[in-house]
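Thanks for coming. Please have the structure up.

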Amino acid sequence: MLLAIDIGNTNVVAALFAADGDVTRTAEVLHEWRISTDARRTGDEYHALFAMMLRAAGIDTKRIRRVAVSSVVPALVGTFITVSRALTGEMPLFVGKDLYPKLPVAFPPPAEHELGADLLCNAVEAWCRFRTAAIVVDFGTALTFTTVDQSGRVQGVAIAPGLGTAIRSLSANTAQLPLVELKAPPTSLGATTAECIQAGVILGYKGMVEYMIARTKSDLHARTGVAESDIHVVATGGLNSVLQPIVDCFEDFDRTLTLQGLRRVALFAAG
């Protein structure tokens, strides 16, 4: 089995896949887990958590042959080396620039393009799954828009604060604004404080997402000639469900897309 681990700023999300998967196909997620990211935890502590979750799922850790890691938290790299060695006896595969030559996506000049590990996984999965120009909108701690063109070249990324980040920042930096539930209000005319914040943030982000997708499609068409109607838009990330009911610009939703991309990266890296 392959254990894919995506270390984000807010959560560590992991999924278990069959080790002999087909790189040309989307795989079945055998099990999925989500725990809080905490850079203060030691490798032994994270290993204990993973061992407990695997046992609860009825998985013998001896069946895990490989561990692949996508991380945007540098402080946890050494920690998850410990986790991988404890589970498999082997070093994990870390997604990084050294893998670029083995992957099916490329970058236009200049050569110094570099993507965050999670965004690279998103780009790989989008290209392998759709084989057309695509925009991956990832609703995490950051809200990201990763764009791949019709030839599999990563054309660029846009990054904004995520929904949860915006809500928490507003509460943390004001004296009287509380932390509120992430849900769409019935109207932009908020009455209670909670409704006012939800109107500004949730409906405001709806407008931003719709504008960014429209602008990205227009910019990609101008740069590459691809028809805007041929650009596939997919949403992922733990918070995509907040906007899903109130936007109509996504063709697909898949919260496991980054993990699926991490699995494919591991298979490509293995040759």
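Buried means under 20% relative accessible area, exposed over 50%, and partly exposed in between, with a 1.4 Å probe and protein chains only. This is a predicted model: local features need pLDDT of at least 70, side-chain atom pairs count only at pLDDT 80 or more, and totals for chains, interfaces and linings use all residues. Residues are numbered from 1 along each chain as its sequence is written, and side-chain values use heavy atoms, leaving out hydrogens and water.

Start with helix α7, residues 257-270. Helices are DSSP runs of H or I, at least four residues, numbered from the N terminus. Of the 14 residues of α7, 12 are buried, so the rest of the structure largely encloses it. Among them are Leu257, Gln260, Arg263 and Arg264. After α7 comes glycine 271, with a positive phi near 80 degrees.

Next, the pair α4 (residues 163-172) and α5 (residues 193-224). Their axes, lines fitted to C-alpha atoms over the stretch in contact, come within 11 Å and cross at roughly 150 degrees. Angles run from 0 to 180 degrees between N-to-C directions. Over 145 counts as roughly antiparallel, and α4 and α5 are therefore roughly antiparallel.

Who meets whom? Contact means heavy atoms within 4.5 Å. Leu163, Ala166, Ile167 and Leu170 in α4 meet Ile197, Val201, Ile202 and Tyr205 in α5.

Last, lysine 217, also in α5. Is lysine 217 buried or exposed? Its relative accessibility is 16%, so lysine 217 counts as buried. Leaving aside residues up to four places away in sequence, lysine 217 touches Ile135, Glu228, Ile231 and Val233.

Notes. Helices (H or I, at least four residues) and strands (E, at least two) are DSSP runs, numbered from the N terminus. The expected span of a helix is 1.5 Å times one less than its number of residues. Angles under 35 degrees count as roughly parallel, over 145 as roughly antiparallel, 65 to 115 as roughly perpendicular and the rest as oblique.
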